[in-house]
Amino acid sequence: MAQDSSRPDFWDTRYRGGVTPWDAAGVPPRLKSWLQRHEAKLRVLIPGCGTGYEVRAFAAQGHDVLAIEFSDAAIEAARRELGALSERVAKADFFAFEATPFDAIYERAFLAALPRRLWPQWAARVAELLRPGGELVGFFYFDDNERGPPFGISRERLLELLAGTFDLVEDEAIPLKESLPVFQGKERWQVWRRRL
Ligand SMILES: C[S@@+](CC[C@H](N)C(=O)[O-])C[C@H]1O[C@@H](n2cnc3c(N)ncnc32)[C@H](O)[C@@H]1O
């Protein structure tokens with residue numbers, strides 16, 4: 001199996017082989033409750049969307065959602081899952097595609113999919129892709145494991161990456177019963193707001 005998770009073939013092999021322990025097979029409950037509380041219609045980016053279940057949830061609430069992926073196999077999985085909503089999924093590299101800034105970026109198992117050497121680039125890119133006041137919302141995986149993915153992060157490291165540009169405005173542990181085994185006890189819901 002390919003070993004460098006910064007490359008699409010790493011993910012192609014896993015999606016094609018059905019080795020996807022991160023795949024929630026649906027929309028996480030904590031995202032559903034966030035969506036119910038937010039009525040304003042947002043332009044939302046989902047980087048590294050995988051099977052892309054959340055695309056339907058954002059679209060159903062009237063949000064203008066764009067999901068991106070660089071793995072062909074993941075895009076195929078998203079198309080099978082989303083049917084007509086597949087038009088919201090585009091093949092693109094998070095670090096290289098062109099877009100005007102979004103109101104929100106949804107995070108789940110994307111930061112943890114990136115080799116740690118790419119994290120400073122991830123933080124700069126998230127700041128670039130969000131308008132001032134925009135929010136990075138979703139699930140973050142906290143661990144001190146050496147090998148990944150998933151590559152766990154520490155609270156200090158995440159703060160170091162984001163505190164220059166963002167304020168942490170929500171931070172909650174995810175109940176064990178809402179986590180997949182691979183993330184259990186180590187997952188938090190967080191919202192980071194880009195400073196004006
Ligand atoms: C662990 S999976 C998570 C998928 C999805 N977010 C989920 O929660 O199921 C990480 C995904 O990020 C994608 N990915 C990694 N680096 C990427 C990049 N630079 N641009 C676009 N997609 C990327 C991979 O192809 C893979 O599908």
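**Asp143**

I started with the side chain of Asp143, which makes a polar contact of 3.2 Å with the side chain of Lys186. For polar contacts I use N or O pairs within 3.5 Å; within protein, one atom must be able to donate a hydrogen and the other to accept it, and residues adjacent in sequence count only if both atoms are side-chain atoms. This is a predicted model, so I note that local features need pLDDT of at least 70 and side-chain atom pairs pLDDT 80 or more, while totals for chains, interfaces and linings use all residues. Residues are numbered from 1 along each chain as its sequence is written, and side-chain values use heavy atoms, with hydrogens and water left out.

Where does Asp143 sit? I found it in the loop between strand E5 (130-141) and helix H6 (155-162). My helices (H or I, at least four residues) and strands (E, at least two) are DSSP runs numbered from the N terminus. Asp143 counts as buried because its relative accessibility is 17%; my cut-offs are under 20% relative accessible area for buried, over 50% for exposed and partly exposed in between, with a 1.4 Å probe and protein chains only. Beyond four places in sequence, Asp143 touches Gly152, Ile153, Ser154 and Lys186, a contact being heavy atoms within 4.5 Å.

I then checked the prolines here. A cis peptide bond joins Gly148 to Pro149, with omega about 0°. Pro149 and Pro150 are joined by a cis bond too, again with omega about 0°.

**His63**

Is His63 buried or exposed? It is buried, as its relative accessible area is 2%. I placed His63 in the loop between helix H3 (53-60) and strand E2 (64-69). Its side chain reaches the backbone nitrogen of Leu42 at 3.0 Å. Setting aside neighbours within four places in sequence, I listed Leu35, His38, Ala40, Lys41, Leu42, Val44, Phe58 and Arg88 as the contacts of His63.

**H1 against H4**

I looked at how two helices pack. The axes of H1 (residues 8-17) and H4 (residues 72-82) come within 7 Å and cross at roughly 45°. That angle is why I call H1 oblique to H4. The axes are lines fitted to C-alpha atoms, over the stretch in contact for helices, with angles from 0 to 180 degrees between N-to-C directions. Under 35 degrees is roughly parallel, over 145 roughly antiparallel, 65 to 115 roughly perpendicular, and the rest oblique.

On the H1 side I have Asp12, Tyr15 and Arg16, meeting Asp72, Ala73, Ala74, Glu76 and Ala77 of H4. By class, this contact of H1 with H4 has four nonpolar, no polar and four charged residues. I class Ala, Val, Leu, Ile, Met, Phe, Trp, Tyr, Cys and Pro as nonpolar, Asp, Glu, Lys and Arg as charged, and the others, Gly among them, as polar.

Which residues of H4 are buried? They are Ala73, Ala74, Ile75, Ala77, Ala78 and Leu82. The cover over them includes H1, H3, E2 and strand E3 (89-91). Just after H4, I saw that Gly83 takes a positive phi of about 55°.

**H5**

For H5 (residues 119-129) I noted Trp119, Trp122, Ala123, Arg125, Val126, Ala127 and Leu129 as buried. Among the elements covering them are E1 (43-47), E4 (102-107), E5, H6, E6 (166-173) and E7 (187-194).

**Gly134**

I went back to strand E5 for Gly134. Gly134 counts as buried because its relative accessibility is 0%.

**Ligand**

How many residues surround the ligand? I have 19, and the closest are Gly48, Glu69, Asp93, Phe94 and Arg108; a residue is near when one of its heavy atoms lies within 4 Å. A side-chain N or O atom of Asp93 is 2.9 Å from a ligand nitrogen. From the backbone, an N or O atom of Phe94 lies 2.9 Å from a ligand nitrogen, and one of Phe70 lies 3.3 Å from a ligand nitrogen.

**Positive phi at two alanines**

Ala25 has a positive phi of about 55° though not a glycine. I put Ala25 in the loop between H1 and helix H2 (29-37), and it counts as exposed at 61% relative accessibility. Ala109, also not a glycine, has a positive phi of about 60°. Ala109 lies in the loop between E4 and H5 and is partly exposed at 23%.
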